[in-house]
Amino acid sequence: MRFKTKDIGDEGLDVSLAVTQAWLAGECPDVDVRPAARGLALVGRLESSGDAFLLRGALEGAILTPCGRCLEPAEVPLDVPIAVSYVEADDKDDDDPFAGADEDDGDVLSFRDGVIDLAGELRDEILLAIPISPLCRPDCIGMCPVCGGNRNLIPCDCEERQKMATSKLAALKNLKV
């Protein structure tokens, strides 16, 4: 996911990067996410723009992540537009990834030694695209809080039985009239 600026040239360079499970595991080790069957890719173009380089494209495809209710795989479609500028970093700004950019510049990142690395931007866009509570389907019922079973697969009345057993009036059912 690294490109040499000398290879970009005046006419630009087409970028088509497939996001693999191995790359996602390395870049996002604490997030349970993987590409869906239809895949995930960054498709775009790197162009020279004066002293900077501009990446324009889109992150297209889908990812699989656990459903927020039942933990089954939930497919999240992605079509995220990406536009970011890369500027050469000064030697004095070795620790600052936003070197050479003003705070109001928006998506401006730095690169060094004539090599632009798209991995950080790609990782950030994927992480931002993951919903807080993805759903495997809109009508997902979720897991039973008592037995832990997936209520989408097996009907469960554990919660209702537990409420009845612990009710203040539950002792009355044992009285004989």
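Is leucine 169 buried or exposed? Select leucine 169: at 60% relative accessibility it counts as exposed, where exposed means over 50% relative accessible area, buried under 20% and partly exposed in between (1.4 Å probe, protein chains only).

Before you go on, bear in mind that this is a predicted model, in which local features need pLDDT of at least 70 and side-chain atom pairs count only at pLDDT 80 or more, while totals for chains, interfaces and linings use all residues. Residues are numbered from 1 along each chain as its sequence is written, and side-chain values use heavy atoms, with hydrogens and water left out.

Stop 1: Leucine 169 sits in the segment after α4 (158-165).

**Stop 2: the whole chain.** Switch to cartoon and trace β-α-β-α-β-β-β-β-β-α-α along the sequence. Helices (H or I, at least four residues) and strands (E, at least two) are DSSP runs, numbered from the N terminus.

**Stop 3: the core.** Now show Leu42, Leu55, Leu59, Tyr86, Leu118 and Ile126, which touch the most other members of the 30-residue largest nonpolar core. β5 (73-88) is among the elements that supply at least two residues of this core, and β5 gives the most, with six. Such a core is a set of buried Ala, Val, Leu, Ile, Met, Phe, Trp, Tyr and Cys residues joined through side-chain atoms within 4.5 Å.

Centre on leucine 118. Leaving aside neighbours within four places in sequence, its contacts (heavy atoms within 4.5 Å) are Met1, Phe3, Val15, Leu17, Leu42, Leu55 and Tyr86.

**Stop 4: salt bridges.** There are eight to find, each a side-chain nitrogen of Lys or Arg within 4 Å of a carboxyl oxygen of Asp or Glu. Aspartate 117 is partly exposed at 32%, whereas arginine 2 is exposed at 61%.

Finish with Asp14, Arg45, Glu47 and Arg56, linked in a salt-bridge network. Within it, glutamate 47 and arginine 45 have their closest N and O atoms 3.5 Å apart.
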